[in-house]
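Keep the structure open while reading.

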Amino acid sequence: MADCVSKVELSVSCSNLLDKDVGSKSDPLCVLLQKTAGDSWTELGRTERIKNSSDPSFSQRLKVDYHFETVQDLKLGLYDIDNSSPDLKDDDYLGGIEITLGQIVSSKTLSRPLQLKKGKPAGKGTITVTAEEIKDNRAITLELEAKNLDKKDTFGKSDPFLEFFKQGDDGKWHLVHRTEVVKNNLNPCWKKFSVPLQTFCCSDLERPLKVDCSDYDSDGSHDLIGSFTTKVSELQKATHGSPVAFDCIHPEKQKKKKSYKNSGVVSVKSCKLATEYSFLDYVMGGCQINFTVGIDFTGSNGDPRSPNSLHYMSPDGLNQYLNALWSVGQVVQDYDTDKLFPAFGFGAKLPPDYQAAHHEFALNFKPTSPYCQGIEGIVTAYRGVLPQLRLSGPTNFSPIINHVASIATGAAQANNASYMVLLILTDGEITDFDQTRDAIVRASRLPMSIIIVGVGPADFKAMELLDGDDGMLKSTLGEPVARDIVQFVPYRHFKDAPKSSLAQSVLAEVPKQLVSYFKMRGFEPPKPKEAPKS
């Protein structure tokens, strides 16, 4: 990674989007893609979805690393989202633009007509993109509530939400955060939230801010309850026990009525500024990422001697298991100084007696020292052990997760700056689903992440449930995960893609997961060691 990388944040707004929904406006979301090798594109991020709007302003910023020395081709695409699946293939395309990051950065703000494809405009739709470099790593954390808000709905109370705007250098108001909607409540308490200080007020504690409190309507025509202006230096006066209160003023009502006081009172219960550390802060400070592999040798993979088996070695000495291992391992090994990786198998009967199936055995057959030297060492151990095993069952994940969790527990108790990544390669036919759920919920409090790569053609429904992207994973007793630590991908999606794309997909979540663990524990990054003086 080049040293002179700046982080850039893009904010996006659009006007005159196509209406794809019958009887209402589209529900747009913007996705940012960057061109990688050849003609393939990798998703960098997406905004929130805004319901019923043809002129959306998205509050979720899109982050991208800016490399001065390379041309970074970007694609911004707008989609009308009408379902809960993250896959955009089944959503209507509202248009997009192709542009380089250099063009955006050099213009700072840039507007372009949207195109459905080259030379075909998307109606009168336009997109405006503004770039801002992220220089400040502080974040502001706020908690707000309101009292006695005006009732806006005929049959029921209001459904209030807040929108925060900062004043730009151009004097205009720019949306920086939108809270959730609290349904049917005139005295709402909103969830605590954090926003990077750079985003919130350009790191200027005196910059004017405007807060709108509105009543949510599902058709997109939200009614303003009232507004107030403030600045971060005023919000900071809030401490637990003595909140800072603001009258919510509706300008029309104020004009009409002399006795008008307010349309409710919004109070800031707490306001804190804190440093938000990045993945690179931890890695550059010396945090070690320790990589462990678990390989599925259960009977459902098929006899390794048969060409139909997932463990069958093709003439080039590879199979899907080894391809996935190479792809992910080559990226992770750069972050581990000793390059000694514990590698385990599960679901096979072992020599000499081939009695019961083992659910966690060292791939090198050395139980007290299961370490392999580098990814090559794991591959060599795998090739050596495969002819000696009898594939069996059942497919139990929990023993290997609990094994790695016990190592992570030791690291957590010693307050070590280290983090475990467990890669499980499997054909997906899991037997101990409930025990695995419980193991993951326990592991979510430890310095570890779990990556599951599904090999072969199976239906990976159970793996997708463990990933928890569609809803929070809970233990058998109903306890939710402390943080999201599982990432699942089916290998078949990457079979014909460049080698690096599988790793990019499965490892994309690890930096966030690592930071979320250390943040949960309140650990700052270790200080980078000084270079020895010559």
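Predicted model: local features only at pLDDT ≥ 70, side-chain atom pairs only at ≥ 80, totals over all residues.

Strand β19 covers residues 348-349. Two bridges pair β19 with β23 in the antiparallel sense. K349 has its bridge partner in β23: R390.

## A four-stranded sheet

Another open sheet has four strands, ordered β11-β10-β13-β14. The pairing here is antiparallel. β11 (173-178) and β14 (223-230) are the edge strands, and each pairs on one side only. From one strand to the next, the twist averages 25°.

Look next at the pairing of β13 with β14. Strand β13 spans residues 209-215. Seven bridges join β13 to β14, and the two run antiparallel. D215 stands opposite D223 of β14.

## β8 and its partners

Which strand pairs with β1 over eight bridges? The partner is strand β8 (residues 120-133), and the pairing with β1 (residues 6-15) is antiparallel. S15 has T126 as its bridge partner in β8.

β8 also pairs with strand β7 (residues 109-117). That pairing is antiparallel too, over seven bridges. T109 stands opposite T130 in β8. β7 and β8 form a hairpin with two residues between them. In the turn, G119 has a positive phi of about 85°.

Strands of a sheet pair through backbone hydrogen bonds, either parallel or antiparallel.

## E48 in its loop

E48 is found in the loop between β3 (41-46) and β4 (62-66). Ten residues separate E48 from F58 in sequence, and their C-alpha atoms are 6.8 Å apart in space. Leaving aside residues up to four places away in sequence, E48 touches P28, L29, S57, F58, S59, Q60 and R178.

Which residue joins its side chain to that of E48 by a polar contact of 3.0 Å? That residue is R178. R178 falls within edge strand β11 (173-178). The E48 side chain also has a polar atom 3.0 Å from the backbone nitrogen of Q60.

## The α6 and α7 pair

Two packed helices are described by the angle between their axes and the distance between the axes. Helix α6 covers residues 320-332, and helix α7 covers residues 374-385. Their axes come within 10 Å and cross at roughly 165°. Angles over 145 degrees count as roughly antiparallel, and α6 and α7 are therefore roughly antiparallel to each other. The crossing of α6 past α7 is right-handed.

Which residues make the contact? From α6 come Y321, L322, L325, W326, G329 and Q330. From α7 come I375, E376, I378, V379, Y382 and R383. By class, the contact residues divide into eight nonpolar, two polar and two charged.

Conventions:
Residues numbered from 1 in each chain as written. Heavy atoms only, no water. Axes fitted to C-alpha atoms, helices over the stretch in contact; angles between N-to-C directions. Parallel < 35°, antiparallel > 145°, perpendicular 65-115°, else oblique. Left-handed = near helix turned anticlockwise from the far one by under 90°. Contact = heavy atoms within 4.5 Å. Nonpolar A, V, L, I, M, F, W, Y, C, P; charged D, E, K, R; others polar. Pairing = 2+ DSSP bridges. Polar contact = N/O pair within 3.5 Å; in protein donor to acceptor, adjacent residues only side chain to side chain.
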